[in-house]
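Thanks for coming, everyone. Let me put the structure up on the screen, and then we can walk through it together.

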Amino acid sequence: MQKSIERVAGDSEGVAYEFPVFRFEGKDKAAPSAYLQAALHAGELPGVVAIDALMPMLAKAEAEDRIKGPITIVPWANPIGRAQYHFGEHQGRFNLGTRTNFNRSFPLLAAPDARLLPDVSLGGADRRLKNRLVQLSLGADIVLDLHCDDEGLAYLYIHTSLWPQMADCAAAMGAEAVLLWSEDNTGTFEGASIVPYQNVPTSVARFDRRVVTTVEYRGMLDVDGALAASDAEGLYRLLVTRGVVQDSSVPKFGKFAGPVVPLENIDMMPAPRAGAILYDVKPGDRVRKGDRLATIVHTPGEVDGRTEVFAPQSGFILTRRSRRIIRAGEDLLKLAGDDRSGDARSGTLED
């Protein structure tokens, strides 16, 4: 294993950001390559501790000469967001200087060629970071971007061009649900890992063995040793299943049996009032149209001081907020509906 330190210049003199990159060299040039990163939204830590638990497994495989394809790992992908605190509260989702989501505005290249990356020497530290992450991942057959939600199931975002070919990956990782998407007009990291291969020859695109997904590892507070070990085992099974690592001791796993939901079926459920949330449902619950999902207490103790929110269609609860205070218009939860949402979204679900 080799460790290097990447350095991203800041936007003023004397300021720079650094993050480590770990590389395992593969012994088989024909084997698939893999790129894993975590904490692009710097406060989302389940993926960080999963990588921490995965590294000894890869080190053992390397010592036993069982790593077939090259693996690049970035456990802390966002040093800018990691350093952002405002009045004691960590702020890792948006760049405080530009108000841009750290998982938006990645360059969507016409082909997998680093020479097509835009000149960002004067574009700001966040754009320089995004360029470098694309550079590090470009060309990898497997690209995993590890995130988490507020409170939720473990689920994957997968482009329609890769499904159902990636069903084995979903099963290997223990995903509880899959969301299928088809458009990216905001420049997510996942989009930047798919778009360059859409208009190139089949021999370059290699969609038959390409793996690209945003992994949502449950919720922000699901950071503990047992979950990390389980998630690491899932990542390792994926690498073995796809031929990056050789390991005959990995037990067979069943087919993916979870729900597969088009992004257009997701109801985000904006809150009609501001106040305190009393949830009637939790992630994984099955609901029918008209079921009460939550009550918002907006004028406590007063007549008509509560507003109830009901399911617009049947489906299951994918995620909900971790904080119980909400403003009018903010999203209460993600309802994965059986049918197309009345507010269907084909791109990103959230800002």
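Let's begin with helix α3, residues 125-137, which lies across β1, β2, β3, β4 and β7. Against β2, helix α3 runs at about 5°. Please keep in mind that this is a predicted model.

Now, what is the order of the strands in that sheet? Reading across, the order is β1-β2-β4-β3-β7-β11-β9-β10-β12, which makes an open sheet of 9 strands with mixed pairing. At the edges stand β1 and β12, the latter being residues 260-262. Each has a single partner strand, so one side of each is left without a neighbour in the sheet. From one strand to the next, the twist averages 25°.

Strand β1 covers residues 2-9 and strand β2 covers residues 16-24; the two run antiparallel and are joined by 8 bridges. If you'd like some landmarks, E6 stands opposite F19 in β2, and A9 has A16 as its bridge partner. Together β1 and β2 form a hairpin, with 6 residues between them. Have a look at G14 in that turn: its phi is positive, at about 85°.

One last item, this time from the records. UniProt lists residues 31-193 as "domain: Succinylglutamate desuccinylase/Aspartoacylase catalytic", and that comes from an unreviewed entry.

Definitions and conventions:
Residues numbered from 1 in each chain as written. Predicted model: local features only at pLDDT ≥ 70, side-chain atom pairs only at ≥ 80, totals over all residues. Heavy atoms only, no water. Pairing = 2+ DSSP bridges. Helix = DSSP H or I, 4+ residues; strand = E, 2+ residues; numbered from the N terminus. UniProt positions renumbered as here; feature names shortened; annotations may be inferred. Axes fitted to C-alpha atoms, helices over the stretch in contact; angles between N-to-C directions. Contact = heavy atoms within 4.5 Å.
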